Amino acid sequence: MKAFEANFDGLVGPTHNYAGLSFGNVASQQHGAQASNPKLAAKQGLAKMKALHDMGLVQGVLAPQERPDIGTLRQLGFSGSDADVLAAAAKQAPRILAACCSASSMWTANAATVSPSADTANSKVHFTPANLTNKFHRSIEHEVTGRILQATFTDERHFQHHSALPGVEHFGDEGAANHTRFCHEYGEAGVELFVYGRYAFDSSKPQPTRYPARHTYEASEAVARKHGLDPSRVVYAQQNPAVIDQGVFHNDVIAVGNSNLMFCHEQAFLNQAEVKQQLNQAMGGNFNVIEVPDTQVSVQDAVSSYLFNSQLLNLQDGRTLLVIPEECQNNPAVWTYLSELQEGNSPIDELKVFDLKQSMSNGGGPACLRLRVVLNEQELTAFNQSTRMNDQLFSTLNTWVDKHYRDRLTEADLADPLLLQESRAALDELTQIMQLGQVYPFQR
């Protein structure tokens, strides 16, 4: 059966701000305390979604989380009215308040790991929300993420939803940011690459020393088991600890793949030659790798430009498109490399540049914003069509953003009770637009 790769991008939430919460994410730390523009951030994301839809690609939208997260603040001992909770948190624990206001769910590459029906034992599409245990502001997302995914992929005949892994560091799971699915045809059984930063139960194995390795080998194994994958079609690869210590907090900051092509830096993986050999063998040959030399693009240039946090997409005419942020165009070494790549005999046929500065300043590029879901023809009609990008939804969501979003937000604004009211009003309306039902705590 014919199948398609759909990309479900995260809609940026009304509390998008730069609080510098993500240790190990260079851009997040560099832009901490700057003023953000939630309205522009949402519109930049929507523009990318619409552009890819217009190219004939399947494009969906995933709703943001409710923020500020009053429920979590109450769990941490703040009490009284919602306004009292915000005021007390701002006074006593402003960094906790900032974490509970993060719009980080916009980066849906971390929402879940997804295995297509062609790969799973019961021939259903499997979803496991990522527990994101390494960062507090992200660890509070997975319950609502699971509800949003279930409201988007509702048909139990085609979709199976799992709970997140145990919320402890031993099973730290960062979702699809550390997972890539390769194949020769989308509808055929593929090879799933799980990338991890360290072993949780063996401290003698290599691991980074400056920044944390967020994802464990044990988490990858557990997700593969839950999804019922054929072990012969699964490859596990360890991130190079040296590049994690240079700001490569996820695999999708140093490598990206699609179909039978992987585009990566030469220092992406530990024992990289062996990883490439395993992938080629599991794919039965005809596996292509574009490996970027450090002499042409350094790890630092890759991190600052997010060259590899790009989207590799197969267009309807058979060409391969690489979606990149403007920062790649502005980096001389990266742009020289990409220009030479296009001029040569490369599997990448076209580049498309997007302005995603609001997301980039917080450490998320084109690939961070999307969750890939391979769907066959039946599954394509079975998911919630109110979440599928089209001309009408694009117009409706832009009008919705104009109505509800602020154009300037600082960390000092997060305790404003009006921001909470505005956010809840926006999300309540969004659930009706996208036919999600009651997915948020304030609706229950």
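Author: Helices (H or I, at least four residues) and strands (E, at least two) are taken as DSSP runs and numbered from the N terminus. By that definition, Val58 belongs to strand β2. This is a predicted model, in which local features need pLDDT of at least 70 and side-chain atom pairs count only at pLDDT 80 or more, while totals for chains, interfaces and linings use all residues. Residues are numbered from 1 along each chain as its sequence is written, and side-chain values use heavy atoms, with hydrogens and water left out.

Val58 has a relative accessibility of 7% and so counts as buried; buried means under 20% relative accessible area, exposed over 50%, and partly exposed in between, with a 1.4 Å probe and protein chains only. Contact here means heavy atoms within 4.5 Å. Apart from neighbours within four places in sequence, the contacts of Val58 are Phe4, Glu5, Ala6, Asn7, Leu380 and Arg388. Pro208 is another matter: 150 residues along the chain from Val58, its C-alpha atom is separated from that of Val58 by 38 Å.

β2 spans 58–62, and Pro68 sits in the loop between β2 and α3. The peptide bond from Arg67 to Pro68 is cis, with omega near 0°. Most residues other than glycine have a negative phi, and most peptide bonds are trans.

Ser259, which is not a glycine, has a positive phi of about 50°. Ser259 lies in the loop between β9 (255–258) and β10 (261–265), and is buried at 10% relative accessible area. Asn286 also has a positive phi, near 55°, and is a residue other than glycine. Asn286 is in the loop between α10 (272–282) and β11 (288–292), where it is exposed, with a relative accessible area of 54%.

Lys2 is exposed, its relative accessible area being 54%. Once neighbours within four places in sequence are set aside, Lys2 contacts Asn376 and Glu377.

Now the helices. α3 (70–75), together with α5 (94–99) and α17 (417–433), packs against the buried residues of α4. Within α4 (residues 82–92), Val85, Leu86 and Ala89 are buried. Seen down the axis of α4, the buried residues fall within an arc of 95°, so they line one face of the helix; the arc is that of the directions from the helix axis to the C-beta atoms. Lys91 and Gln92, on the other side of α4, are exposed.

A helix pair comes next. The axes of α2 (residues 38–54) and α16 (residues 391–404) come within 10 Å and cross at roughly 175°. Axes are lines fitted to C-alpha atoms, for helices over the stretch in contact, and angles run from 0 to 180 degrees between N-to-C directions. Therefore α2 and α16 are roughly antiparallel to each other; angles under 35 degrees count as roughly parallel, over 145 as roughly antiparallel, 65 to 115 as roughly perpendicular and the rest as oblique. On the α2 side the contact is made by Lys39, Ala42, Lys43, Leu46, Ala47, Lys50, His53 and Asp54, and on the α16 side by Asp391, Phe394, Leu397, Asn398, Val401 and Asp402. The residues of this contact divide into 6 nonpolar, 2 polar and 6 charged. Ala, Val, Leu, Ile, Met, Phe, Trp, Tyr, Cys and Pro count as nonpolar, Asp, Glu, Lys and Arg as charged, and the others, Gly among them, as polar.

Last come the annotated positions. An unreviewed UniProt entry gives the annotation "active site" to Glu174, His250 and Cys368. Those positions are spread over 195 residues of sequence yet cluster in space, with a largest C-alpha distance of 11.4 Å. UniProt positions are in the numbering used here, feature names are shortened, and annotations may be inferred rather than shown by experiment. Glu174 lies in the loop between β5 (159–161) and β6 (179–182) and is buried at 2% relative accessible area. Not counting residues up to four places away in sequence, Glu174 touches residues including Ala109, Arg214 and His250. Cys368, in the loop between α14 (357–360) and β15 (370–376), is buried at 3%. Leaving aside neighbours within four places, Cys368 has contacts that include Trp107, Ala109, Asp252 and Tyr306.
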